[in-house]
Amino acid sequence: MSGSEQVLYQKTGGFQVLMCGFLFTVFSFVYLYVFQCDVLETLHYSLAHGKTVFSAWGSAVGITFVLLLIRWGLNKFLRLGGIVYAFSYFPLFLILGVLTDIDYGIYTSTYHTVWGWLLPVILIVYIVISVQIGKFFRAMRNFSVTSLTVTNSNLVIIIMLCMMTMLIGNTDNVLHNELRAERLLREKSYSGALEAGVHMAEPTHTLTALRAYALAHTGEMGERLFNYPQNYGADGLFFPDDSLKTFRYTNDSVFSLLAIPRQNVKPTVELLREACYQGTGSHVALDYYLSALLLDKELDMFVKTLSDFYVMEDSLPLYYREAVVLWNEIHSDSISLAKDSMMLQQYGGYLEREKMLSSETFMEKKNLMCKDYGNTYWWYYNYGRQ
């Protein structure tokens, strides 16, 4: 190799070091801080048992820095360069993927992952292969390769490694929304928790229960409950019993919020009723009970309970007023409850719109009514969870 070629080789090598280092650093930080923040927080909580404070920014920076140190030390031994220099970043991208490959069982005592044995095996195989690759390409230095070829080769390798990380890490949008809601609940950002997965047409049972839990903290169950899809009836106020469908928040969290002693029984509407009428639960228990009656479309019991605990002439939450108007319509031949002129006018518009769609099939009418009234109790009562 001539002197000029040696200088060009060194300059090209220096550019590859800067380019690959920059691309990995940017990818690692964005991947951890933006895309996998909630997964990383969950992993941190599981490992630290909630005893240390999680910092999304600090964790992303710290992990990226440690991985760069690992690559620097490892490549001192492997000495990869030229068109395969970027291959020295393979362990880093692999570790990023493994760190973010979690599932619902992470908080269970029996949780385990194949990466416990697979990761070391892959790294050993990688080192053996990389040593041979390094020897081969160092022997090929005398062959002329343009700087553009070297750059393009390393760019392709980096892109493939990025894709590998994304494929290994958990990218389940449903899981991420549930984790985000849980994290924001722990941070007492209840409005933020309600926004998690807000565009999901079919939220999971767990996410539905998390939203109810957040609404209970803000005191807005009666105002906002039906702003969100309710596909599980009263059961949607509680978490699934399956431990592989929940994380930190479970029905124990609900019992604690409602100040109801845990009795090793499944939460039920009847249990809520007893807490309200016996005065053993917190004030939030009444919101849960009234919401459960609405979700199960038990209008008669709802109106009776409302009369027992509220002065009907007082201003009621939005969905309670909608339910009262609907009850009055159903029981038009009996004594009506307090009238709400504005709500009656809005319900009249609902009935008029429904009348206009009388020739449509049930599903067509359901979808068309949902566009204008999907966030009302009237729509839920007539078309929601059959």
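1. A crossing of two helices is left-handed if the near helix is turned anticlockwise from the far one by less than a right angle, and right-handed if clockwise. Helix 15 passes helix 16 in a right-handed crossing. Helices here are DSSP runs (H or I, at least four residues), numbered from the N terminus.

2. A word on the basis of this note. This is a predicted model, in which local features need pLDDT of at least 70 and side-chain atom pairs count only at pLDDT 80 or more, while totals for chains, interfaces and linings use all residues. Residues are numbered from 1 along each chain as its sequence is written, and side-chain values use heavy atoms, with hydrogens and water left out.

3. Back to the helix pair. Two packed helices are described by the angle between their axes and the distance between the axes. Helix 15 covers residues 318–330 and packs against helix 16 at an angle of about 65 degrees. Their axes are 10 Å apart. Axes are lines fitted to C-alpha atoms, for helices over the stretch in contact, and angles run from 0 to 180 degrees between N-to-C directions. Helix 15 and helix 16 are therefore roughly perpendicular to each other, a label that covers 65 to 115 degrees.

4. Helix 16 (residues 341–356) also carries Y350. At 0% relative accessibility, Y350 is buried (under 20% relative accessible area; exposed is over 50%, partly exposed in between, with a 1.4 Å probe and protein chains only). Y350 and Y373 form an edge-to-face aromatic pair, 5.2 Å centre to centre with 90 degrees between the planes. Aromatic pairs are rings of Phe, Tyr and Trp (its six-membered ring) with centres within 6.5 Å; planes under 30 degrees apart count as stacked, over 60 as edge-to-face and the rest as tilted. Y373 lies in helix 17 (residues 362–373), so the pair ties together parts that are 23 residues apart in sequence. Y373 is buried too, at 18%.

5. Y350 has another partner, W378. This pair is tilted: 5.8 Å centre to centre, 55 degrees between the planes. W378 sits in helix 18 (residues 377–383), 28 residues from Y350. W378 is buried, with a relative accessible area of 1%.

6. The aromatic count comes to 25 pairs. F24, F27, Y31, Y85, Y89 and F93 form one aromatic cluster.

7. Now the charges. The structure holds 9 salt bridges (a side-chain nitrogen of Lys or Arg within 4 Å of a carboxyl oxygen of Asp or Glu). E41 forms one with R248, the closest N and O atoms being 3.0 Å apart. E41 lies in helix 2 (residues 37–48) and R248 in the loop between helix 10 (221–224) and helix 11 (251–258), so the pair ties together parts 207 residues apart in sequence. Both E41 and R248 are buried.

8. E182 is in helix 7 (residues 173–186), 66 residues from R248. E182 is buried, as is R248. The charged end of R248 sits over the ring of Y45, 4.7 Å from its centre (CZ of Arg or NZ of Lys within 6 Å of the ring centre and within 35 degrees of the ring normal).

9. Other charged contacts follow. E220 and R224 form a salt bridge at 3.1 Å. E220 is partly exposed at 27%, and R224 is partly exposed at 22%. D38, R180, R183 and E187 are linked in a network of salt bridges. The charged end of R273 sits over the ring of Y277.

Note on methods:
Helix = DSSP H or I, 4+ residues; strand = E, 2+ residues; numbered from the N terminus. Parallel < 35°, antiparallel > 145°, perpendicular 65-115°, else oblique.
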